[in-house]
Amino acid sequence: MPRIENEPKLDFKDVLLRPKRSTLKSRADVDLDRTYEFRNSKQTYSGVPVVASNMDTVGTFEMASALNKHRLFTTIHKHYTVDEWKDFAAAADDSTFDNIAVSSGISDNDFHKLAAIIENVPQLRYICLDVANGYSESFVDFIRRVREAYPSHTIMAGNVVTGEMVEELILSGADIVKVGIGPGSVCTTRKKAGVGYPQLSAEIRFLECADAAHGLNGHVMSDGGCTNPGDVAKAFGAGADFVMIGGLFAGHDQSGGDLIETNGKKFKLFYGMSSDTAMKKHHGSVAEYRASEGKTITIPYRGDVNATVLDVLGGIRSACTYTGAKQLKELSKRATFIRVTQQTNDMYVPYEVPNLPAGPK
């Protein structure tokens, strides 16, 4: 008989953070820096643990350079060539390598390309091993292979949503486990495969996942589902050590994707890495044995990403101020979630003021 878990599972939209007494006088007093020492690599990280996703419309070299100025992290997408990596390394500021990871799939070709990039760009310290289904035995074996080849590199790996698999990935060599299946704005795994886990419960399962990781001196990264700065704050409140963002960082000058202009308005292309668009672009076609598990959309062009970064960081600081957390690391200890049926009052929706004719001079 199939097993059914009857207790409610929650997404970001289902909860709010409860305010608590605070001694903070200003949002400027909040410290968003975190410092981590990683279990397997023995390396140390220090920065603001907000991470740009390794989608090719988000995890670009240009994005990495922009986010590094704010000490945010970027997982660079896996489709850059070795020569493109060499060109980037020659021009990049040395500090950029404190806040970027090279991404890889799990085929033999992926391993050889990863090895070539690391050989030619020895400044790289972080590796992101990324698959849609982190529960496969071949993925676990690949983590072991990479850990053996690169014992002092910090490895991010995922995605999973359960504590026992978090433990297995860490014991196999991962330092940071990515948590989340299906919550992304351009991910359709839940529709196509019927598989997933509501993201906040996957993270409140961080009370399971994070406890499992932290019990082994490992770390967890929330991946997917953040539609606004408040969701990022909720992810940290639920116990995430890092929070990965896709859609919020799409549509900018530093993002990938074609710029499209229609009726005087500008848009950028944004798509999931398992979408028809991505698979046709990078592999020539969608294999007959699989379904597309991503969609392709256009989003309004947003200009420079720095404005979005400040908005996200400002929202996290506000959450810390409302809950009395002087430092980001205190937010999960101070967080109490309230279940709600409505996030916001949408009676009045902003609209663009039309261009009115000029009045008399």
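Mentor: The discussion below concerns aromatic rings in this predicted model.

Trainee: How many aromatic pairs are counted?

Mentor: The count comes to 12 aromatic pairs.

Trainee: Why is the pair of Phe61 and Trp85 called edge-to-face?

Mentor: The ring centres of Phe61 and Trp85 lie 5.0 Å apart, and rings pair if their centres lie within 6.5 Å. Their planes stand at 80°, and planes over 60 degrees apart count as edge-to-face. The pair is therefore edge-to-face.

Trainee: Which parts of the chain does this pair link?

Mentor: Phe61 belongs to helix 1 (residues 61–68) and Trp85 to helix 2 (residues 82–91), so the pair links distant parts of the chain, 24 residues apart.

Trainee: What makes the pair of Phe61 and Phe88 stacked?

Mentor: The planes of Phe61 and Phe88 are at 5°, with the ring centres 4.2 Å apart. Planes under 30 degrees apart count as stacked, and therefore this pair is stacked. Phe88 also lies in helix 2, 27 residues from Phe61 in helix 1.

Trainee: How do you know whether Phe61 is buried or exposed?

Mentor: Phe61 has 8% relative accessibility. Buried means under 20%, so Phe61 counts as buried. Phe88, at 8% relative accessibility, counts as buried as well.

Trainee: What lies over the face of Phe111?

Mentor: Arg145 lies there, at 4.0 Å from the ring centre. The distance part of the rule asks for CZ of Arg within 6 Å of the ring centre.

Trainee: Which residues form one aromatic cluster?

Mentor: The cluster is formed by Tyr36, Phe38, Tyr45, Phe73, Tyr126 and Phe242.

Terms used: Residues numbered from 1 in each chain as written. Predicted model: local features only at pLDDT ≥ 70, side-chain atom pairs only at ≥ 80, totals over all residues. Heavy atoms only, no water. Phe/Tyr/Trp six-rings, centres within 6.5 Å; stacked < 30°, edge-to-face > 60°. Helix = DSSP H or I, 4+ residues; strand = E, 2+ residues; numbered from the N terminus. Buried < 20%, exposed > 50% of the residue type's maximum accessible area, 1.4 Å probe, protein only. Lys NZ or Arg CZ within 6 Å of the ring centre and 35° of its normal.
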